[in-house]
Amino acid sequence: MTGALAADGISFAYPAALFRNSMPAQILHNVSVRLAPGTGTALVGSSGSGKSTLVRILLALAKPSSGTVALGARQVKPGNARSLRWYRQAVQYIPQNPAGSLDPRMTVSQLLGEPLRQLRVEGNHRALLCEALERVELPAGLLDRRPGELSGGQNQRVAIARALAVRPDYLLADEPVSGLDLPLRDTVLSLLSGLVREDGLGLLLVTHDLATAARICGTTAVLSQGRIVEHGPTRRVLDSPGSPEAAALVQASAAIQIPRDVPAGAP
């Protein structure tokens, strides 16, 4: 492992030059999040709370107005592909909608192999592809198929396998089950939970649903209007929310089931 992934004091505002007769839009205000190997953290908030902007900054796709992002002792800033190759291999992204990230013209083999080539990952690439598919419970026989020949659940697992193929230390998952039906949601959430618990990956799960967060994340951070208004063990946030924003999210999450045998802070 390469150490903790930490965002410290992140603020973000669009440049004033983009606005006329108004103040620039402040999206994030002094946000700090820390991810450790083998743990799951949920970033929860309603639409427009700043979740996607924070993820873009954590992926080094946007530069914060202030604050820093670091992986271990090494600071991370947006840059060219070569300078960020080490970071792209350590931190991978799982999109909300695989249809937007999987080129329909490419086979599963090509889709999974592309990041291996771009990041110059060493080793037998064919073996890495088969290993990645096995980890998401898909057969190697799908390597020659294209996204249009797969179900929605299979495509979501291909997107996860694509992230896993480079053997990252951290996964940033943006609403990874929002478009799936209930049985497939359970499958994908169980898969992500296993990656944290058994493989020791660090996970940031971005969601608006505290019930989803309760399934696999020991820690939850509630983001509202660009500020972290609550942060702590998921069970405590669900049982005794200390902010109006967290309380509203708890009320909006139907039939939350909190596993009582999971200690606070555990995945």
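This section describes strand pairing, helix packing and salt bridges in a predicted model.

Residues are numbered from 1 along each chain as its sequence is written, and side-chain values use heavy atoms, with hydrogens and water left out. As the model is predicted, local features need pLDDT of at least 70 and side-chain atom pairs count only at pLDDT 80 or more, whereas totals for chains, interfaces and linings use all residues. Helices (H or I, at least four residues) and strands (E, at least two) are DSSP runs numbered from the N terminus.

Strand 1 spans residues 5-13, and eight of its nine residues are buried; buried denotes under 20% relative accessible area, exposed over 50%, and partly exposed the range in between (1.4 Å probe, protein chains only). Strand 1 is paired with strand 2 (residues 26-35) in the antiparallel sense through six bridges, pairing being assigned if DSSP finds at least two bridges between two strands. Within this pair, Ile10 has Val31 of strand 2 as its bridge partner. Strand 1 also runs antiparallel to strand 4 (residues 66-71), to which five bridges join it. Here Ala6 is bridged to Ala70 of strand 4.

In helix 3 (residues 108-118), the buried residues are Val108, Leu111, Leu112, Gly113, Pro115 and Leu116. These buried residues pack against helix 4 (125-135) and helix 5 (152-164), where contact means heavy atoms within 4.5 Å. Arg120, which follows helix 3, has a positive phi near 55°.

Two packed helices are described by the angle between their axes and the distance between the axes. Helix 5 packs with helix 6 (residues 182-197) at an angle of about 15°, and the axes are 10 Å apart. Axes are lines fitted to C-alpha atoms, for helices over the stretch in contact, and angles run from 0 to 180 degrees between N-to-C directions. The residues that meet are Gly153, Gln156, Arg157, Ile160 and Leu164 from helix 5 and Leu184, Thr187, Val188, Leu191, Leu192 and Leu195 from helix 6.

Leu191 of helix 6 has a relative accessible area of 10% and is buried. Not counting residues up to four places away in sequence, Leu191 touches Arg135, Val136, Arg157 and Ile160. Between Leu191 and Ser46, the C-alpha to C-alpha distance is 25 Å and the sequence separation is 145 residues.

Side chains of opposite charge can pair when their charged atoms come close. A salt bridge is counted where a side-chain nitrogen of Lys or Arg lies within 4 Å of a carboxyl oxygen of Asp or Glu, and seven are found by this rule. One of them links Glu131 to Arg167 with an N to O distance of 2.9 Å. Glu131 belongs to helix 4 and Arg167 to the loop between helix 5 and strand 7 (170-174), so the pair ties together parts that are 36 residues apart in sequence. Glu131 is partly exposed at 29% relative accessible area. Arg105 and Asp103 form a salt bridge whose closest N and O atoms are 2.9 Å apart; Arg105 is exposed, at 64% relative accessibility. Arg197 and Glu198 are joined by a salt bridge at 3.3 Å, N to O. Of these two, Arg197 is partly exposed at 49% and Glu198 is exposed at 61%.
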